Amino acid sequence: MKFTLKVWRQKNAKAKGRFETYKIDGISPDTSFLEMLDILNNNLIVEGKEPVAFDHDCREGICGMCSLYINGRAHGPDDEITTCQLHMRKFKDGDTITIEPWRSAAFPVVKDLVVNRNAFDQILQAGGFISVGGVVPDANTIPIPKKDADESMDAASCIGCGACVATCKNGSAMLFVAARVSSLAKLPQGRAEAARRAQAMVAKMDELGFGACSNTQACEAECPKGVTIAHIARLNREFLFAKLEN
Amino acid sequence: MTETKLQSKIPSGPLSEKWTRHKAEIKVVSPANKRKLDIIVVGTGLGGASAAASLGELGYNVKVFCISDSPRRAHSIAAQGGINAAKNYQNDNDSVYRLFYDTIKGGDFRAREANVYRLAEVSNAIIDKCVALGVPFAREYGGLLANRSFGGAQVSRTFYARGQTGQQLLLGAYSALNRQIAAGTVKSYNRREMLDLVIIDGKARGIIVRNLETGEIERYGAHAVVLATGGYGNTYFLSTNAMNSNASAIMQCYHKGAFFANPCFVQIHPTCIPVHGKQQSKLTLMSESLRNDGKIWVPKKLEDVEKLRKKQIKPSQIPEEDRDYYLERRYPAFGNLVPRDVASRAAKERCDAGYGVNETGLAVFLDFAEPIKRLGKKVIADRYGNLFQMYEKITDVNPYEEPMQIYPAIHYTMGGLWVDYNLMTTIPGLYAIGEANFSDHGGNRLGASALMQGLADGYYILPVTIGDYLSHEIQTPKIDVNHPAFKESEDRVRERVKKIFKIQGKQPVDVLHKKLGNIMWEYCGMARNEQGLKKAIGLIDELKKEFWTDVLVPGVNEDFNQELEKALRLADYLEVGRLIALDALTRNESCGGHFREEMQTEEGEAKRDDENYMYVSAWEYRENKEPELHKEPLNYETIKVSTRNYKT
């Protein structure tokens, strides 16, 4: 297969970016999108040009490192996958493919397609944990209804990739924050700090320059792990309770 | 060869009392002194994140380093199937002793009794800790924790969170780490890669890192350094490891005097998606948990194989009586749940005999038709839904309708830096935990035991043992990074980087790495022999020359330069690759994941040689000379060493 690639190139956070166009040929339909970029890069290196910087790691859809905006969609033209799971058979031979980084005020570009998602770490540091000290009770001491554990797990499947932020027209991190708050709120061991957690994480999100949620549901549509906006509803509830408590 | 330098420091006393006694006998550091002591932790997977969080919680000053943009990306996140513990929640006669015995036996009697027993002993506390941290393990309708079975065990002791257990455990450890970062006890440095270890007066006192965003070379000092940097599986180019997982940190320490133990013990996992072509960059694992229900087979008739390859028939059209469920045939007692090394070799045997089911001849079936019929699609989807989805996305085949195709691939490395019972390497003050050390899995790791070991080391073992060492360091002032040893290390790193840029040859790093991968897979893969291993060493030596004269790395150091990162890593893989081959050549027995063709039974099973090889090989680096082999003999005080039998 052959493709025309329009790739965002940007030297660093301060530099002005631009699209560069590259041609690529001889790609197998079974090749993954990132493998196609590997091949592009090796071609560029041999031609004496600078390869395209992009983030990637596990290449099996779980680490959340890959982060490409492909033809106007986070993680490209398929549902519930990450870029690394996207294969070239999803495109037509001869297609032109546009590749951009996540675009959000809270995720500054590091270089080319690489962005800085440190803001996510900071939000979790604000309260996305259960405070556990030394010795804890036996794991089976508190039975947890399967339904609650399953819902907690649904929320916990968030991989922190940032597709929700990149997709949201406001650059809101609500789905990300909601996933963590909701996952812990569904468990009895997470209840003790639930109010403080919701408040602290939302405050940190606002402080870091993420936009407000206006319920367009775009985040849910592009989440590679199918995290739903039902968790945002739970976050709002937790947040409201916390306010009332105060 | 000498045994003198290796002191395993295994405590005396009965096996079941060693850890308790040891804990009682070693020193602790007072809270006031802990505040004055600095610890560096490199790596943020299960081992590193849990260690950094626990050490921070204890009150030490911790600096934690990771190569990704966030600690949560560490490759522990990709572990799928589960984590073992001896809870005996199923009341199926599990116990600490049984978990210990299964692990020692699974490792083909090449691990230390005392270490493995301790691992089994602390396994239960790990589950308690993870639940307290909010890990959403799978539960039964009654609300209690669910379990499943894994290879090499006849009890059900594996705790899991769908097919994302590693992710959930890592998020737990990462959340504990985040709490410490917020509290100020841990400082986190992301996108930093360790490029050298700094030793002052014989003790590990700091590290040199490269800031991957800016290219700056930075110095960090501490009273002790903990490596939690994972294994060296990416030496083979194609593996299930993440692209950034690498061996550079452990190799820098090896070059500085840390012994490298059992490098040839590399795990080849039986259930991975087969290689599709030359453009492939990595392989994807299909969790071992699938072997709970999935049945592995190839056709009995070669004409069916031909038809499959030509796509004239679908696998589901082959009648039951024409299928060879070769694991159930060869190993009736364990069936599809034999350990990984056994299952991998059995797949290779069938494919070598011409029964491989895809165009390349290197694939077997993992079939769910029978369990779907027996349990219903919903139950199977509940257990393995995300794995089935992943398989379909990659291969375009729906595993609910046609069997998966699988083939063995490099997955995990049992070998690693040699450590004593306290997890300290041969360099005082340098510790290695998780996959980075060699300590618990012998010649073969059982499924769901890597997560157990990473968290055991990080949550429960290292935080205790490091106190003993640091109790002697309370008078040592803060480590000054202006000490000449730091400058010397930094200069060496800069020199290395400069040397690589100076080459400006013709071959990008990937091209050379693939060449190394081919050599490794061909001669140091599932079957090894003397002639092949000798050839591999020669080929690697040649490739090393090729690398240092012909690699092409674009750009400059002072930038986000991923090609430079890869080049520095490949330089180290070339060294590890050679060490793997050398160790494999020296170990003239078949044992665990290490299969020497010269040493097999008439039935093609591995033939161990306990008389000559019941030892840990520990390699000492020597400049411009072959490394020196040291041997740590393995003494089994409690169990009877036997030939592994998964047949009856």
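Visitor: Which strand order does the open sheet of 4 strands in chain B have?
Guide: Heads-up, this is a predicted model, where local features need pLDDT of at least 70 and side-chain atom pairs count only at pLDDT 80 or more, while totals for chains, interfaces and linings use all residues. Residues are numbered from 1 along each chain as its sequence is written, with chains lettered from A and ligands numbered from 1 in the order in which they are written. Strands here are DSSP runs of E, at least two residues long, and helices are runs of H or I of at least four, both numbered from the N terminus; two strands pair if DSSP finds at least two bridges between them. With antiparallel pairing, the order in chain B is S16-S10-S18-S19.

Visitor: Which strands sit at the edges of that sheet?
Guide: Look for strands that pair on one side only. In chain B, those are S16 (416-417) and S19 (628-633).

Visitor: Which residue stands opposite B:Phe260?
Guide: Strand S10 of chain B covers residues 260-261, and its antiparallel partner over 2 bridges is S18 (residues 615-620) of chain B. The residue in S18(B) facing B:Phe260 is B:Trp619.

Visitor: What about the open sheet of 5 strands in chain B: which strands are its edges?
Guide: The pairing is antiparallel there, and the order runs S11-S15-S14-S12-S13. The strands of chain B that pair on one side only are S11 (266-272) and S13 (323-324).

Visitor: Which element of chain A gives the most to the side that touches chain B?
Guide: Residues are in contact if their C-beta atoms, placed from the backbone, lie within 7 Å. Chain A puts in 64 residues and chain B 61. Elements of chain A that each supply at least two residues include helix H1 (33-46), strand S6 (109-111) and helix H2 (118-125). With 7 residues, the top contributor is H1(A).

Notes. Contact = placed C-beta atoms within 7 Å.
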